[in-house]
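Hi,

Here is the structure I promised to pass on.

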Amino acid sequence: MVKQQKGISKMGLIALVISSSLGSGVFGITSDLARAAAPGPAIIAWIIVGIGFLALVLSLNNLAAKRPDLDGGIFGYAEETFGKLGGFISGWGHWLSCWLGNVAFATIMMSAIGNFLPVFEGGQNIPSILMGTVFIWALTLLVNNGMESASFVNTIITICKLVPLLLFLIITAVSFKAGVFTSSFWGNVSTNLIQNPVNTATIFEQIKGCLMVMMWVFVGIEGASILANRAEKRSDAQQATIIGLIGLLTIYILASLLPYGVLTQDELASVSQPAMANILRMIVGNWGAALINIGLIISVLGSWLSWTMLPAETAFLMARDGILPKRWGKTNINNSPTYSLFFSATLTNLFLLTFLITDYAYEFAYSLATAAILICYLLVAIYQIKYSYEQKDNKQLFIGVVATAFQLIGITLAGFSYVLMCSIAYLPGFYFFIKACKENNRIINNLEKFTMVVISMAAVLTVGLIATGFIQV
């Protein structure tokens, strides 16, 4: 008998959105941006990114409100536009991105702990891998005990991770000097501060460099939409996504721009990671760096918990929709998708173990994941256009166009080679898709067969290009 769950509260959903996106990226974003741009171009880039992700969030909310019957998660909109295979391509990409992100969280957390316990220094040695394995299965068991209880824990962690970030913002705001901030407002920054110190970047090039950094820190913004069917009220998921986006934008903009008024751009660009900790060390001493490193550990733990919930839920919904085998949709007494949880955890653990040999496998796999998530977002935006056009809703149609254009820009900036590499990730996925179709007595149509053949050929071509060095991973 399945226990009756109350559902995830609005606060829990807001925490999920913030925690899913607010991982390790915020602790290094200042240095990453300073390598790319001066304050002026960075501000323009934030405006572009803010508008782009606002359009995506408004699209998700509009579709959730008007098509509540499409409760299959982020892939449901792709399926409505492009059929079952389209839904699978979106859902598989999202699932892949989620659990591969956990490999990064394991490495980053162990590296941060290494600042206090040298045995974990670097995050990729044997003690780090063993401890990372413990965390993987501890978080999996926590989520397996119930999504709602895991969400409550995640809310507490999210509050704890915001405390050191708030302190950083207060200290940098107090230390802020307008003269330092405006001294090189539009920049005289090099395209590569280390290798080509005399080559300056144009404003457009600086903005482009910022966009590549900024877009990745919002991955996970769809968290509340994925778990909407577990919310106390579906409308809570829509409100949580908007509130979460506003909160994230506020934190990211302040955390990345205030340091420009404390240190020069060249100084910020040369700060080692985690940049936030080392900037605070320069301002207040070692205790500030220690506090931020503790915050980094808590932050990664929260994101790791969120991204343990999301891939399991995505796979569960795909199985329920008939585009993954039925066993992926099995739940336990706590209504948690046990099979999906343990399958995702096992894959995460296997990739973590590859660090004993090389980190190449992870770098390769994570490149696939970053491209895959942008494709998922793009398919949502395309359905927003399609549905709004059918409903003759010009306002929502415009929002869909903006969201689509923004995601296309992101994919272009990532590089077409990443899109090609993404095709490799679908080869094992097609096996599960075909198996699911057989279980549900569904015949794969000719267009789907053709699409799978084309993607498979692209994957084979990509492997050849990688082997010959034409594509660098």
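This is a predicted model: local features need pLDDT of at least 70, side-chain atom pairs count only at pLDDT 80 or more; totals for chains, interfaces and linings use all residues.

In helix 5 (126–144), the residues Ile129, Gly132, Thr133, Ile136, Trp137, Thr140, Leu141, Val143 and Asn144 meet Thr338, Leu341, Phe342, Ala345, Thr346, Thr348, Asn349, Leu352 and Leu353 of helix 14 (contact means heavy atoms within 4.5 Å; helices are DSSP runs of H or I with at least four residues, numbered from the N terminus). By class, that contact has 10 nonpolar, eight polar and no charged residues (Ala, Val, Leu, Ile, Met, Phe, Trp, Tyr, Cys and Pro count as nonpolar, Asp, Glu, Lys and Arg as charged, and the others, Gly among them, as polar). The axes of helix 5 and helix 14 come within 10 Å and cross at roughly 170° (axes are lines fitted to C-alpha atoms, for helices over the stretch in contact, with angles from 0 to 180 degrees between N-to-C directions). That makes the two helices roughly antiparallel (over 145 degrees; under 35 is roughly parallel, 65 to 115 roughly perpendicular and the rest oblique).

Residues are numbered from 1 along each chain as its sequence is written, and side-chain values use heavy atoms, leaving out hydrogens and water.

The search of the whole structure gives two cavities of 30 Å³ or more (on a 1 Å grid over the protein atoms alone, a cavity is a set of points where a 1.4 Å probe fits but cannot get out; a pocket is an open set with protein on both sides within 12 Å along at least five of seven lines; lining residues have an atom within 4 Å of a point). The second largest cavity has a volume of about 80 Å³, volume being the space filled by probe spheres set on the points, which are joined across faces, edges and corners. Helix 5, helix 13 and helix 14 each supply at least two residues of its lining. Among the lining residues are Ile136, Thr140, Trp307 and Leu341, and the classes come out as six nonpolar, five polar and no charged.

Helix 13 (residues 286–320) also packs against helix 1 (residues 10–21), at an angle of about 110° with the axes 8 Å apart. Helix 1 and helix 13 are therefore roughly perpendicular. Leu16, Ser19 and Ser20 of helix 1 make the contact with residues of helix 13 including Gly302, Ser306 and Trp307. Four nonpolar, five polar and no charged residues take part.

Helix 3 (residues 39–66) meets helix 8 (residues 203–214) at about 50°, axes 8 Å apart, so helix 3 is oblique to helix 8. Among the residues in that contact are Pro41 and Trp46 of helix 3 and Cys210 and Met214 of helix 8.

Last, the second largest pocket: its volume is about 560 Å³. Of its 22 lining residues, Ile89, Ile375, Leu379, Thr451 and Ile455 lie nearest the centre. Helix 4 gives the most to this lining, with six residues. The lining divides into 14 nonpolar, five polar and three charged residues.

Cheers
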